[in-house]
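Subject: Structure for you to look at

Dear colleague,

I am handing over the structure we spoke about, and I would be glad if you could look through it with the notes below at hand.

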Amino acid sequence: QPFNPDFVLKVAASPEAHAPSAGQEYSQMFKGKSLAVLTSVLVTVTCVVIYLEWRAVQDIRKGLSGTELKSLFAKGRHALLHRMVISGGHSWGGPAADTRGPGPPAPAAPAAPALRGASGASTTVLSVAGSDVELRPDLRISTELPSFPTPREVRHPSCIRDFDLQTLPRASLVIPYLNETWAQISATVASLVAHSPLEVVDEILFIDDGNAPEWQHHHELLSLHPKVKVHRNEVRQGLIRAKVIGAALIDSPVIIFMEPHCVVSRQWLEPLLEQLALSKDHRTLVMPTLDIIPENNFNQYLPANHHIGGFDWTLTFGWKDLIEKRNSSYTYPDPYPTPALSGGIFGIWKDNWEQMGTYDINMTEWGGEHIEMSLRTWRCHGRILVVPCSRMGHVFRAKNPYIVHVPEVMKNTKRAALVWLDEHLEDYYKKVPYARQIQAGDVSERIKLKESLECESMDWYMDNIYPELRAELTPKPHHLRTAHH
């Protein structure tokens with residue numbers, strides 16, 4: 001739990017309420033003033049120690065940059081690595097320094113949502129045991145990239161052009177991984193290095209989420225390129241928390257969340273950064289078009305169509321209509337809005353990520369976070385765009401290579417429902433009746449976040465962003481309901 005000096009001082013000032021049973025023996029040994037003096041000395045020493053520790057923590061919270069914190073993480077000072085506190089949407093390192101160089105200026109950051117309990121103590125605590133991984137002294141960074149299947153050119157001709165990198169914000173990539181094959185993870189890195197404008201990429205940060213030794217690939221990764229970094233969680237945190245950890249460790253103004261089983265196409269990053277640069281309020285999330293790499297053939301590349309993402313009342317994601325069908329005036333390959341994120345591949349301004357409350361870190365493992373993020377983004381004055389000029393191949397797997405506990409996925413989904421469905425919560429329960437019995441934990445903090453961000457209602461979302469979801473609530477005419485009988 002986070003250090004709370006007020007509580008400890010209150011306890012120290014009232015030793016009679018917390019004295020052990022042996023206190024009666026001490027009272028017989030010391031009479032009158034002797035007992036009072038001893039008590040006074042003990043209280044004074046305790047208060048001094050508490051105060052000094054508290055000041056050290058405050059110095060770390062207020063006075064160190066993200067880079068300095070990372071250095072201290074590696075040294076273990078004050079066990080910072082073992083306790084990351086997300087308070088008010090910011091990590092202990094405070095907001096990241098703006099290292100973009102030339103380009104559109106970031107707007108002044110509004111006050112972060114207050115995520116604190118009544119006592120003022122932080123209520124969102126993520127305990128993480130881990131460390132940054134260093135390349136072994138006997139190894140050198142390779143001068144050659146591993147081979148990877150280069151995607152064939154499937155972009156619209158208007159997408160193939162020069163970009164002014166000076167106008168684009170700097171970015172870091174965050175890639176959690178667990179039980180991933182070296183063949184796919186190395187191809188992912190090789191394509192990223194070959195097809196990304198490394199002038200605007202600060203680092204490619206892999207988060208080893210508690211892998212067994214045979215799945216860690218630490219030194220193999222670090223030897224691929226100087227910008228590839230690895231941070232290891234000693235214990236599996238799950239995909240959701242691993243992303244929160246990775247985002248807190250980078251200093252770039254833009255975060256690109258990626259996955260370790262992709263092959264990116266040429267100029268995949270520039271269009272995403274260009275759309276983020278156009279977002280003056282920093283509230284836009286951007287997604288590439290995800291082409292298909294068959295699970296049984298990593299060398300094959302199948303272009304995907306341009307659908308919108310959505311979900312049903314079970315809060316299960318699905319690709320829906322083509323954008324042309326939804327909007328007859330749409331012109332390909334313009335970026336287009338989508339009601340929902342398909343999963344874990346998207347770009348976001350870091351200040352927006354933090355001010356919006358990152359992910360709900362009381363969600364565990366995997367699942368539900370992309371629906372929660374979609375509802376939170378649109379309803380709290382943001383937007384989600386698919387950028388067709390940005391393309392990458394993605395392996396859509398029938399089964400995850402790690403254990404996914406279905407009750408945890410259901411808990412995550414219910415947490416999203418409790419916070420975001422408002423008066424339509426019963427519509428969720430009608431589709432998922434067993435969710436009523438699931439213990440989803442306390443969501444009061446996320447509700448406070450929603451209130452502090454002055455988010456719109458679920459009805460507003462269906463009326464303005466995703467009317468297809470409301471259509472599922474409308475009972476079909478009787479003749480249609482019985483037509484198949």
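This is a predicted model: local features need pLDDT of at least 70, side-chain atom pairs count only at pLDDT 80 or more; totals for chains, interfaces and linings use all residues.

The chain has 17 helices and 14 strands, and of its 485 residues 51% count as buried.

Disulfides

A search of the whole structure finds two disulfides, and with the bonded cysteines counted along the chain they follow the pattern 1-3, 2-4. One of them is formed by C159 and C389, whose sulfur atoms are 2.0 Å apart. This pair links distant parts of the chain, with C159 in the loop between β3 (130-133) and β4 and C389 in strand β14, 230 residues apart. The link of C159 and C389 is left-handed, with -70° about the S-S bond. C159 is buried at a relative accessible area of 1%, and C389 also counts as buried, at 14%.

A disulfide also joins C380 to C455, with an S to S distance of 1.9 Å. Because C380 lies in the loop between α11 and β14, and C455 in the loop between α14 (444-452) and α15 (458-464), this pair ties together parts that are 75 residues apart in sequence. The torsion about the S-S bond of C380 and C455 is about 100°, and the disulfide is therefore right-handed. C380 counts as buried at 3% relative accessibility, and C455, with a relative accessible area of 18%, is buried as well, since the cut-off is under 20%.

Salt bridges

The structure holds 18 salt bridges, of which I describe a few here. The side chains of D291 and R391 meet in a salt bridge, with N to O at 2.7 Å. D291 lies in strand β9 (residues 284-293) and R391 in strand β14 (residues 383-395), so that the pair ties together parts 100 residues apart in sequence. D291 counts as buried at 0% relative accessibility, and R391 counts as buried at 3%.

D360 forms a salt bridge with R415, and the closest N and O atoms of the two are 2.7 Å apart. Here too distant parts of the chain are linked, because D360 is in the loop between α10 (350-355) and α11 (369-379) whereas R415 is in helix α12 (residues 406-420), 55 residues away. Both D360 and R415 are buried.

R376 and E372 are four residues apart in helix α11, and so they are separated by about one helical turn. An α-helix has 3.6 residues a turn, so residues three or four places apart point the same way. R376 is buried, and so is E372. Finally, D208, R232 and E234 are linked in a network of salt bridges.

Helix α5

Helix α5 (residues 182-195) has 14 residues, which at 1.5 Å a residue should span 20 Å, and this agrees with the 19 Å between its end C-alpha atoms. The helix is mostly covered, as 11 of its 14 residues are buried, including I185, V189, L192 and H195. What covers the buried residues of α5 includes the strands β4 (171-177), β5 (201-209), β6 (228-233), β8 (262-264) and β14, together with helix α6 (218-222).

A patch on the surface

I292, L302, W319 and F396 form a nonpolar patch on the surface, with about 340 Å² of accessible area together. L302 is found in the loop between β9 and β10 (307-311), and with a relative accessible area of 33% L302 is partly exposed.

With best regards

Note on methods: Residues are numbered from 1 along each chain as its sequence is written. Side-chain values use heavy atoms; hydrogens and water are left out. A salt bridge is a side-chain nitrogen of Lys or Arg within 4 Å of a carboxyl oxygen of Asp or Glu. Helices (H or I, at least four residues) and strands (E, at least two) are DSSP runs, numbered from the N terminus. Buried means under 20% relative accessible area, exposed over 50%, partly exposed in between (1.4 Å probe, protein chains only). Patches are made of residues with over 30% relative accessible area and no salt bridge: like charges are joined within 9 Å, nonpolar side chains (Val, Leu, Ile, Met, Phe, Trp, Tyr) within 5 Å. Accessible areas come from the Shrake-Rupley method with a 1.4 Å probe; for residues, only the protein chains shown count as cover. The expected span of a helix is 1.5 Å times one less than its number of residues. Contact means heavy atoms within 4.5 Å. A disulfide is a pair of cysteine sulfur atoms within 2.5 Å.
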